[in-house]
Amino acid sequence: MTSQSTQVSPVIWKEDRVYLIDQNRLPSEYTVVEISCCEDMAEAIKTMIVRGAPAIGIAAAYGIYLGAREIETTDRDQFLTKLEAIGELLAATRPTAVNLFWAISRMLKTARQTSGSVEQVQQALLEMAKTIHAEDLQTCKDIGDKGLEVLPKTPEKLTLLTHCNAGGLATAGYGTALGVVRSAWRDGRLARVFADETRPRLQGAKLTTWECVQEGIPVTLISDNMAAHCMKQGLIHAVVVGADRITANGDAANKIGTYSLAIVAKAHNIPFFVAAPLSTIDFALSNGDLIPIEERDPVELYQVGNTRICPVGVEFYNPAFDVTPAELITAIITEYGAVPPGELKQFQAKQLV
């Protein structure tokens with residue numbers, strides 16, 4: 001179904017169904033897709049109808065419940081075995097975003113720890129999915145406020161540069177990196193956002209600018225290779241990006257192009273911030289070399305719309321993410337505060353599993 005509403009709620013639970021904004025159709029078309037089974041949710045995550053690490057986690061949580069309610073058995077052990085298989089189905093969709101695995105793990109733990117009948121476990125799973133959903137919205141608002149504490153103090157209003165989309169569309173509705181932007185705009189500290197277009201899928205051009213336009217936040221779109229020039233011209237006060245996985249030492253995986261952006265920010269002495277919920281930190285991985293990097297269909301590179309832009313016979317390499325080393329990151333902004341990458345472990349005990 002199609003709606004004229006532009007409310008940024010990428011995942012909606014309503015009337016025993018999940019509704020997802022089809023982010024592949026924005027900004028030209030605002031379409032909501034109905035999801036009623038776990039297989040459809042897995043496909044929606046894989047094809048990026050829903051995308052962004054926190055939003056993927058929320059969607060997967062509901063996907064676990066959708067699968068659980070279809071399991072036809074009253075035997076608890078059989079139920080849990082089948083539920084594990086549903087978790088594996090959802091986990092196989094996107095390898096890099098750790099929130100996906102965090103949400104699945106939290107849902108499966110809820111199932112194991114809930115006493116009573118299978119029906120009671122199913123209800124507990126729905127309540128946990130709703131909890132994960134609600135928690136993320138508050139978490140992102142807290143990230144936005146904590147980010148304000150570390151943004152540069154300048155006599156003029158700030159101009160921030162971001163990459164990809166780490167806004168309401170990538171979360172429960174407020175954003176991580178764009179949550180910092182929203183909070184700065186709310187408090188009168190923001191002059192303008194510069195948004196990288198973010199090749200090859202153009203999430204910055206299609207999604208970040210769309211969100212800013214909805215809220216009246218001044219936004220300027222630039223191509224990815226214009227960032228260094230803008231910095232040299234003195235147009236950028238700070239860079240704020242999101243993350244799909246952060247390792248224990250503070251290395252951060254984010255949409256491809258983030259690493260090069262961090263390098264040019266360092267060269268121009270511009271602070272580079274990564275904003276992400278604590279659930280995005282994978283304390284089990286010591287460094288970014290261990291993060292699995294998703295490689296996507298090369299059609300994203302060689303085709304724009306229905307038009308092929310390179311000759312037949314060309315070979316392709318299409319990694320969806322890169323890893324920014326901790327030494328290039330000024331601070332990582334979580335809901336508990338902003339700290340240098342090397343100090344993340346102080347938050348480990350606060351992470352819900």
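The side chains of Glu211 and Arg182 meet in a salt bridge, at 2.7 Å from N to O, a salt bridge being a side-chain nitrogen of Lys or Arg within 4 Å of a carboxyl oxygen of Asp or Glu. Glu211 belongs to helix 7 (residues 203-215) and Arg182 to helix 6 (residues 177-186), so the pair ties together parts that are 29 residues apart in sequence; helices here are DSSP runs of H or I with at least four residues, strands runs of E with at least two, numbered from the N terminus. This is a predicted model, in which local features need pLDDT of at least 70 and side-chain atom pairs count only at pLDDT 80 or more, while totals for chains, interfaces and linings use all residues. Residues are numbered from 1 along each chain as its sequence is written, and side-chain values use heavy atoms, leaving out hydrogens and water.

Arg182 also forms a salt bridge with Glu215, with the closest N and O atoms 2.5 Å apart. Arg182 is buried at 6% relative accessibility, whereas Glu215 is partly exposed at 38%, where buried means under 20% relative accessible area, exposed over 50% and partly exposed in between (1.4 Å probe, protein chains only).

Helix 1 (residues 38-46) has Cys38, Met41, Ala42, Ala44 and Ile45 as its buried residues. Seen down the helix axis, they fall within an arc of 160°, so they line one face of the helix, the arc being that of the directions from the axis to the C-beta atoms. Among the elements they pack against are strand 2 (17-21) and helix 2 (53-68).

Notes: Contact = heavy atoms within 4.5 Å.
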